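Welcome, and please have your viewer open. We will walk through this model one selection at a time, and each stop says what to look for.

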Amino acid sequence: MALALEIQLQGNVLARNQTPLALLIERAAAGETAAFEQIMIQSQQRVMAMSWRLLGNEADARDACQEVFLRVYKHLRHFKQDRDFFAWLYRITVNVCRDTLKKRHLQSQTRSIDADPNDSVLEIPAEQADAEETLLQAQRRELISRAIAMLPFKERASIILRDVEGHSTEEVARILKSSSTTVRSQISSARRKIRDYCRRHQTMQESQ
Amino acid sequence: MNCNQVESLLPLYAGHDLDARTAGRISMHLQSCPACTDAAAEYRDTRQLLEDFAPPEFSEGTFAGMRQVVWRQIETESTTPSFSGLIGAWFRPRLGWAVVTAVLLVVFALGIYFMSDRRRGQQPVAVNSQEMDAGNGQPKQSALPAFSLAASRENNSQPLSDQRPPQKRMQRTEVRDRDRTSSVAMIAASAPQAQPTTSTPNDSISSGAAVNGDTQKTLRMEIQTKNPNIRIIWLAPRDAKSPTPNSRGI
C-alpha cells in the first residue's frame, strides 16, 4: 500500500514537471507564482546561454537574464498563446542585451580585432587527462567570442540565432522582427567577418 | 558563374541558405576551382566553430540566485507603486476636492456677476441737464435750451444681455457725456436769443418729438454717443443763432 502510494506520488511529481508550456503560461499569466517558477526553470538555460553569447561574460549575462524574466513576468498576460513562446523569449533577450550594451557602452569596450587572442586564455589544470583538448576548446571559444564581439549588434544577434542556436533564417527574421532578406544579408556579412578574423588569427599563429 | 560571384555567395552556401539551383551552380564551380574550394572550406570551418560555440556550464546555484533576485524584484515592484501609479494616487483623493472647489468658484463668480449687474441696474444712468421743479415735479423753465441725455433703462427695448458693457466703460461714457452736456450748455448760455422750451425727460427720450408740439419754432438735434444707451437730444429755437463752430464737434 505504501509502495503504491509512493509510486502514485512520484507519478504526480512527474506529471507536474511535464506540464505543457502553454498551460504553465496560462497559469502564470493568471498570477500563479509556481507556474512562473517552472517557466523560469525550463527556459533559464536558453536565456542565459543566449545572453552570454551576446554579451560575452557571465555577470552581464546573469543581469540580462534577470531583466528578461522580469519583463516576461510583466508582459506575460499580453502574450498570445498561438505564438511561439521561445521566439518571444529570444526577442526579449535580444532587446535586453542590446539595452545592456547601450547602457554600459560595452560596444566601445569590446576587444579589438588586432588584440592577441591568447591574452586571456582560460587557465586549465594540467592534471586533467584531456587538458590539451580542453585548452584547445577554450581557445576556440575565445576566438569565436572575440570574433562575435567585434560584430555590429544586429549581425551578432542574427549569426548567433542562425548558426549557434540553429534557427532557420525565417525564424531569425521573425524573432528580430526583420525580413528574411535582411537577415540573410546580415548572416552573410557576419560569416565573412568571422572567417576573415579567424584567418588573420591563424596567420598570426603561423608567423609566431 | 565566375569566381567573384561565387565568392560573394559562399557565406550563404556554407550555411545552406541558398536555393537549390544556385547552390548547384556553385557546387559545379567548386569542382573546377581550387581557390573557391579552399574558401568554401574556410567558411565551413568557421561555421563549425560557431556551432561549437557553447557557453560555459552555469551552476545550479547561479540559476537559483538569479531566480531569487527575480522574485525579490517582482515583490519590490508589486509593493512599491510605479511612477504612474504614484501620480494617479496623488491625484485620486484630490480630484474630488478639485471638482468641489471649481464648482464653488463658479458659483461664487456667478453670484458676484449677478449682484453687480443688479446694482448697476439700480444706479441712475440717465443724465439730464434739466432741473426739476421741486414743488410740482414739472420741469423747471429754463433760459437755456433743453438737453436731455437719454439713457434710462426703462425706455430701452434692447435685451438685457446687450446691456452689459463693463461698468468702468459705462462710467467713463457717462462722464464724457456729462462733459459734453455741460459744454453744450455753456455754448447755449452764450446765445442770448435762445428761447426757453419745456420738455420732460420721457418725452425727449421716447418720442424724440419737439417739445410743446411746436415743431415750427423748435430745432431738435440728436447726438448718438458710442454707448447705444446714451443719446443727447438738443432742443433749440429755430430763430436762435446757430451754434458756434466749436460746438459742431459734439
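Start in chain B and select strand E3 (residues 218–224) together with strand E4 (residues 231–237): seven bridges join them, and they run antiparallel. Strands here are DSSP E runs of at least two residues, helices are H or I runs of at least four, and both are numbered from the N terminus. Two strands pair if DSSP finds at least two bridges between them. Now click Arg220(B), whose bridge partner in E4(B) is Leu235(B). With six residues between them, E3(B) and E4(B) form a hairpin.

A word before moving on: this is a predicted model, in which local features need pLDDT of at least 70, side-chain atom pairs count only at pLDDT 80 or more, and totals for chains, interfaces and linings use all residues. Residues are numbered from 1 along each chain as its sequence is written, while chains are lettered from A and ligands numbered from 1 in the order in which they are written.

**Two helices of chain B**

Stay in chain B and select helix H1 (residues 3–14) and helix H2 (residues 20–32), which pack at an angle of about 115° with their axes 11 Å apart. Axes are lines fitted to C-alpha atoms, for helices over the stretch in contact, and angles run from 0 to 180 degrees between N-to-C directions. H1(B) and H2(B) make a left-handed crossing; that is the name when the near helix is turned anticlockwise from the far one by less than a right angle, and right-handed is the name if clockwise. Show Val6(B), Leu9(B) and Tyr13(B) on H1(B), which meet Thr22(B), Ala23(B), Ile26(B) and His29(B) on H2(B). Residues are in contact if their C-beta atoms, placed from the backbone, lie within 7 Å.

Next, pick His16(B) in the loop between H1 and H2 of chain B. His16(B) has a positive phi of about 55° although it is not a glycine. Most residues other than glycine have a negative phi. Is His16(B) buried or exposed? His16(B) is exposed, with 10 other C-beta atoms within 10 Å; the cut-offs are 12 or fewer for exposed and 20 or more for buried, with partly exposed in between, and C-beta atoms are placed from the backbone.

**Over to chain A**

Colour chain A by secondary structure: you will find 10 helices and zero strands. Of its 208 residues, 34% count as buried.

Select H3(A) and H4(A), which pack at an angle of about 135° with their axes 8 Å apart. These two helices are therefore oblique to each other; the word covers angles that are not under 35 degrees (roughly parallel), over 145 (roughly antiparallel) or 65 to 115 (roughly perpendicular). The crossing of H3(A) past H4(A) is right-handed. Among the residues that meet there are Phe36(A), Met40(A) and Trp52(A) from H3(A), and Ala61(A), Val68(A) and Phe69(A) from H4(A).

Then find Lys177(A), in the loop between helix H9 (169–176) and H10 of chain A. Phi of Lys177(A) is near 55°, a positive value in a residue other than glycine. Lys177(A) counts as exposed, with 9 C-beta neighbours inside 10 Å.

**Where the chains meet**

For the last stop, show both chains: 30 residues of chain A are in contact with 24 residues of chain B. Elements giving two or more residues to this side of chain A include helix H7 (131–149) and helix H8 (153–164). Which helix gives the most? H10(A) does, with nine residues.

Technical notes:
Contact = placed C-beta atoms within 7 Å.
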